[in-house]
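Q: Could you take a close look at the aromatic ring pairs of this protein? Please go on from there to the parts around them.

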Amino acid sequence: MNEELKKTCLHDLHVGLGALMSPFGGFDMPIQYAGIEEEHKAVRTGCGVFDVSHMGEVAVCGPDAERFVNHIFTNNVSGLPDGKVVYGMMLHPDGGVVDDLLVYKRADNDFFLVINASNIDKDVAWIEGHTEGFDVSVDHQSDRWAEIAVQGPQSEKVIRDILGIDGSDLGFYTFKTVSDMIVSRTGYTGEDGFEIYADAQTIRNFWNKLVESGVQPCGLGCRDTLRFEAGLPLYGDELADDISPLEAGLGIFVKLDKPEFIGRDALARQKAEGPARKIVGLEVDGQAIPRHGYEVLDAEGRTVGTVTTGYHSISLDRNIAMALVEAAEAALGNRLQVKVRRKVFPATVIKKRFYSPNYKK
């Protein structure tokens with residue numbers, strides 16, 4: 001193993017459970033334990049637990065915290081109630097995505113940002129680089145927090161019965177602080193679930209209690225298949241420095257009616273003109289499984305895009321993909337082709353939310 005890879009506080013427990021480990025975002029992370037399909041089904045039907053301690057955390061505090069977060073974030077945090085979580089993006093001036101993230105509002109002058117592991121250093125430097133003119137402090141806290149995600153239709157019962165945490169008072173995308181822990185009703189699977197942030201020892205204790213009680217430990221393999229089926233983007237696939245939120249179909253998280261934010265003017269122009277490319281869903285005929293980077297062709301064989309994520313869907317038993325294609329080819333029902341190695345297979349544009357999420361309303 002590369003000695004430069006970072007390890008989460010649960011690393012030795014993953015190894016002890018026989019997890020298949022692999023580099024991800026600079027960390028040595030578990031890909032699977034019992035197998036991707038078994039772990040995927042456990043989350044869809046019952047409950048699974050993920051180590052997500054590789055995620056990054058940044059606290060933004062001070063008199064101008066709300067104004068500053070609105071300046072660097074596409075969504076609107078003005079007037080949010082304490083205890084609310086909001087999803088959105090940080091953008092380059094040209095509208096490309098620096099990262100997608102969650103913003104937790106703890107108080108008017110206190111926001112907690114959760115960023116992607118692969119972008120931690122880039123994001124922190126970018127956030128710190130835009131503080132001029134704002135009375136705020138930016139505190140990079142990734143080393144202070146560990147995190148697990150308990151996901152699935154049984155997750156509320158599981159955290160109550162096994163961890164002693166009552167999540168029944170939390171609606172979707174809300175959180176509370178319990179004994180220095182942050183407990184939020186959020187996740188990345190399309191199922192009901194909770195994410196718990198705490199110190200390393202607390203998270204180790206929670207992990208052991210959950211696994212010993214029979215909750216299925218889950219790796220990054222099924223995390224990807226689950227989020228993909230629910231139409232959720234992954235940075236580096238459906239979002240990137242050169243892919244805008246509007247191209248990714250995430251305009252609902254971009255509040256162009258805000259007075260200003262970095263990248264706003266570029267997105268306003270893009271919305272007025274119409275994005276040149278769009279992320280779409282594809283269903284591929286036959287046995288071919290589309291994979292990231294495969295070419296997408298039109299009916300005449302001209303390259304019109306690329307697959308961003310593709311799988312044989314475990315929940316739906318179909319070969320499906322998300323792909324970034326020319327906007328003119330993005331209409332539902334349009335017939336395209338996917339080049340799989342040296343062969344091409346017909347495909348149909350479908351909605352990219354392949355699986356209907358089961359969130360608590």
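Predicted model: local features only at pLDDT ≥ 70, side-chain atom pairs only at ≥ 80, totals over all residues.

A: By the ring rule, the count comes to 13 aromatic pairs. Rings of Phe, Tyr and Trp (its six-membered ring) pair if their centres lie within 6.5 Å; planes under 30 degrees apart are stacked, over 60 edge-to-face, and the rest tilted. Residues are numbered from 1 along each chain as its sequence is written, and side-chain values use heavy atoms, with hydrogens and water left out.

Tyr-104 and Phe-112 are both buried. Buried means under 20% relative accessible area, exposed over 50%, and partly exposed in between (1.4 Å probe, protein chains only). Where does the pair lead? Ring pairs link Tyr-104 and Phe-112 with Trp-145, Phe-175 and Tyr-197 into a cluster.

One ring elsewhere meets a charge. Arg-44 lies over the face of Tyr-355, 3.8 Å from the ring centre. A charge sits over a ring if NZ of Lys or CZ of Arg is within 6 Å of the ring centre and within 35 degrees of the ring normal.

Along with Phe-27, Ser-53, Ser-142 and Asp-143, Trp-145 lies nearest the centre of the second largest pocket, which 16 residues line. On a 1 Å grid over the protein atoms alone, a pocket is an open set of points where a 1.4 Å probe fits, with protein on both sides within 12 Å along at least five of seven lines; lining residues have an atom within 4 Å of a point. This pocket holds about 230 Å³ of space. A volume is the space filled by probe spheres set on the points, and grid points are joined across faces, edges and corners. The lining has seven nonpolar, five polar and four charged residues. Ala, Val, Leu, Ile, Met, Phe, Trp, Tyr, Cys and Pro count as nonpolar, Asp, Glu, Lys and Arg as charged, and the others, Gly among them, as polar.

Now the largest pocket. About 1100 Å³ of space lies there. Its lining comprises 42 residues, and Tyr-87, Asp-100, Tyr-188, Leu-232 and Pro-233 lie nearest the centre. The lining splits into 26 nonpolar, eight polar and eight charged residues. Among the elements that supply at least two lining residues are strand S6 (97-107), strand S7 (110-115) and strand S12 (193-198). Helix H7 gives the most, with five residues. Helices (H or I, at least four residues) and strands (E, at least two) are DSSP runs, numbered from the N terminus.

Is H7 covered or open? H7 is mostly covered, with ten of its ten residues buried. These include Arg-223, Asp-224, Arg-227 and Glu-229. Gly-231 follows the helix and has a positive phi, near 75°.

A positive phi also occurs outside glycine. Asp-180 has a phi near 70°, in the loop between strand S10 (175-178) and strand S11 (181-184). Asp-180 is exposed, with a relative accessible area of 70%. Arg-341 has a phi near 55° and lies in the loop between strand S18 (335-340) and strand S19 (343-350). Arg-341 counts as exposed too, at 69% relative accessibility.
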